[in-house]
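Here is a short report on a sheet and on nonpolar cores. Look over the sequence and the structure before reading on.

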Amino acid sequence: MTVSTDRSRTGNRTEAEAPGLGIRLLPILDRYGILLVILVMGLVLYALQPDVFFSWRNITNIFKQTAVNSMLAIGMFLVILTAGIDLSVGSVLALGMMSLAVANAAGWAWPIVLLLGPAVGLATGFVNGVGITKLRMPHPFIMTLGMLFMARGLANLISGGVPYTGLPDAVRFLGSAQIELGELDGTRLNLPVGLIVTIVVYLIFWVFLEHSVLGRRIYAIGGNPQAARVSGINVDRVLIFVYSLCGLMAGFAGLMMAGRTNSGFPNAGIGAELEAIAAVIIGGASFFGGRGTVLGVFGGVIIMGLISNTLNLNNVSVFWQQILIGLIIVVAVFLDVVRRGIGTRR
Amino acid sequence: MNTRKLSLTLAVLSISTTVLAATAASAQSILVDMKGPGAGNPFWAAVERGALEKGKELGIDTVVLAPPTESDVAAQITQIEDQLARGIKGLALAPTDPNALAPVVEEAIADGVPVVFIDTQGSNEGVTYIGTDNVAGAALAAKFICEQLPSGSEVAILTGIVTQSTGKARADGARSGLSGCGLKIVAEQSGEWDRAKGLSVMENVITGNPGIKAVFASNDNMALGAVEALKSANMLDKVMVVGFDANPDAADSILAGEMSASVAQNPENMGALGIESLMKLAKGEKLPPVIDTGTVLVTKDNAADYK
Amino acid sequence: MTQAQEEAGSGNYLLEARGITKHFGAVTALRGVDFHVGRGEVLGVVGDNGAGKSTLMKILSGLFAPSRGALIFDGRPIRFQSPHDARDLGIEMVYQDLALAENINIAENIFLGREPVRRLLGGWLPLVDHKAGRDHARQHLDNLHIHVKSVEQRVGELSGGQRQAVAIARATAFDAKLVIMDEPTAALAIKEVGKVLDLIKGLKDRGIGVVLISHRMDDIFYVCDRVMALFHGANFAEAALCDTSRSEVIGWIMGTKEGQGELAHDRVH
């Protein structure tokens, strides 16, 4: 009934152009669907652990635990937007972390210790960027794979492979401090600083990618580097910037991890690059570049955090965690393929 | 299309729900968090067995978790945080990194949760350590080698990761034991606990020191790697290999006459004593700072018990 | 003084090239090519593969520097360091392979590399003015009679003809004086070719000079005022459209001429 009235009103259009409900919802689903997924997940998890899941402590735990991956993933997202990859972020995290821990042990002033992690990350990312563009590596995979080993080796070299413990509170602040909000029904309401850091960083990246000239050019480069080049954009310079920023975020993640663990330890960040890539892909970014949103990446990080949180709460073996994350990556990309299919048919 | 997307999402969620529903447990339990999963590693499997059996015996709900690999420090911290949020009445922890785990152990203590370390000593003050005296264990192995060889013979040590306390303790025990009885240590190199690395390090050692008579490896994986290296160099009959851990592969190897000996820890005891000690703490009893779970030399005579 | 006379004379042309030679190592791609195009004139350039068309266009758009020869734009000798310099003068290029980013929308593609900016927080925070971009894009497309559903459509959703139209809109969005097009209809469906050609005629009406490289005689004879042929990297023939025929131009591409008179005419410069 409704369909026929619809048709008669839009009689001059062809049938393909008349948007059905699905098509009209598509852009919204495209943009905010991931929040829906998180909501549904949250409800299922709540049903499984009604006493614990929505407790203040558990929710803040999830953000504490995802803060490091949040930092790595947003940097990785930038790189993946340009159709690149940075395999070195886990090692760069460790290098940043060990640098600041060693500097602290050597008695450097805390402001320098604090800045050292991100600064080392920035420098490493810059080297990645220069290597990829100026040394004309055939693929970012190669350069950053090299850096994966070099940064890990360097981290072990400067520390002798030994963990360093004990950092000043100021250095630990971002990674471990809690802001006391008061008390509710006898439980302390502490807000982890890591949560605030995550939100602020993601807001900055959102403004940067959606509204800055450079941010929009990063998308364009991901879509068609040749088009960007003939438009007068210095693609190499943008790529160096992108890899530097990714390195900076990895170094920053090292600072957060150091704060969280009150130490620098040699095994930090092993495999972290894969978790960051997983979050970006689950969040709907395309491996071929140019597609994805900051909100999506945030959603990807949270989905991974929720999986780990709920499996831990329910005493499930971590092997299931690995299987589920793998499954979700495949399903997320499959959904993307389906969606793109519909997009082109439209 | 949106219905399709939703239904797929729900499918994924329902899979996870099934997994969860099958394993959900009651809230007040003791958590044993090991360095690595029991599946695929007999040592941790034994710790898990010991803890679960003792838990059943004492009527305490016992949960055993572990990060996917022994290097995944962040995953272990996360597990403990999540379990603390759920509420546990005791924590027996084998820390993947003693320093990095210290803050979350502090958090547990602040919550009033009793904590003991098993297998690997943490860095928090005043927390009881239940585990192998690795120096003594390695000395036991060194003593065995000393008894078989004339003074002045060349020997080598394959160490684990010496930045870890276990790796360092075993290397220290073996070094002082071997040199103490007059043997000559010609090589001391790290095989990083790994069989393949143990193999390649051993290849290099025998190339540089063709005259060696014995090698002590800080774990059985590296010892078995060393056996492979000696086999392909046709030197196995001239060089004795002594490992540590007495895992089933090593026991087979000893029975087959390839490895000469190993040192057995008592991982089941770690799990069991862990649970027992936490119950004592909960009752307000005091614990000694270190509880030795003991070591035994495993040779051809008793290797069959460790298969 | 011949040179002075020539320079004075060149003021009639929008862009003139004299004696352009280009070597790539031992290979000579262009030998002493002369070339000119006027305001509001559409010049067709034909030639077989390897005749030097692309090299000439890349020199005109600033991508390559000529080994020898001079470029005169608006009566002034010029030397390009990069395509940037050419664009600053109002020389734009439309590429055969549709140099657009499919993942971003029409408006953003049109302004890619020259994004409109508004400054917030007292100038400290320059942000892309998406609204101004959309408005300008919409207006510009309207001026060119290009019809799209919305300037916020992603270019990936457009047909080949629509994309080529966007590419042309992009080239002319900033006060272009000369637009160089390399096979703009090669990738299009037949029914879309006409629209793009009409668009080119529209540019001509706005006083923009157009250089059209094409293999399609239909295109050349529909929009061009004049046609020139390159052969083995050198000028071969040139004529106003009304003075020649399809078969003759096809002959030029293959290096044959019908009479000596033509040859003499071509060697006047």
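How many bridges join strand S6 of chain B to strand S8 of chain B? There are 4, and the two strands, residues 154–159 and 214–217, run parallel.

## Basis

This is a predicted model: local features need pLDDT of at least 70, side-chain atom pairs count only at pLDDT 80 or more, and totals for chains, interfaces and linings use all residues. Residues are numbered from 1 along each chain as its sequence is written, while chains are lettered from A and ligands numbered from 1 in the order in which they are written.

## The sheet in chain B

In chain B, 4 strands form an open, parallel sheet in the order S7-S6-S8-S9. Strands (E, at least two residues) and helices (H or I, at least four) are DSSP runs, numbered from the N terminus. Two strands pair if DSSP finds at least two bridges between them. S7 (184–190) and S9 (240–242) of chain B each have a single partner strand, so one side of each is left without a neighbour in the sheet.

Within the pairing, Ile157(B) stands opposite Phe216(B) in S8(B). Helix H5 (residues 134–148) of chain B packs on the sheet and touches S6, S8 and S9 of chain B. Contact means C-beta atoms, placed from the backbone, within 7 Å. Helix H6 (residues 165–180) of chain B also packs on the sheet, touching S6, S7 and S8 of chain B.

## Nonpolar cores

The largest nonpolar core has 216 residues. Such a core is a set of buried Ala, Val, Leu, Ile, Met, Phe, Trp, Tyr and Cys residues joined through C-beta atoms within 7 Å; buried means 20 or more other C-beta atoms within 10 Å of the residue's own. Helix H11 (residues 235–261) of chain A gives the most to this core, with 16 residues.

A second, separate core has 49 residues, including Leu158(B) and Met259(B).

Key:
Two residues are in contact if their C-beta atoms, placed from the backbone, lie within 7 Å. Axes are lines fitted to C-alpha atoms, for helices over the stretch in contact, and angles run from 0 to 180 degrees between N-to-C directions. A residue is buried if 20 or more other C-beta atoms lie within 10 Å of its own, exposed if 12 or fewer, and partly exposed in between; C-beta atoms are placed from the backbone.
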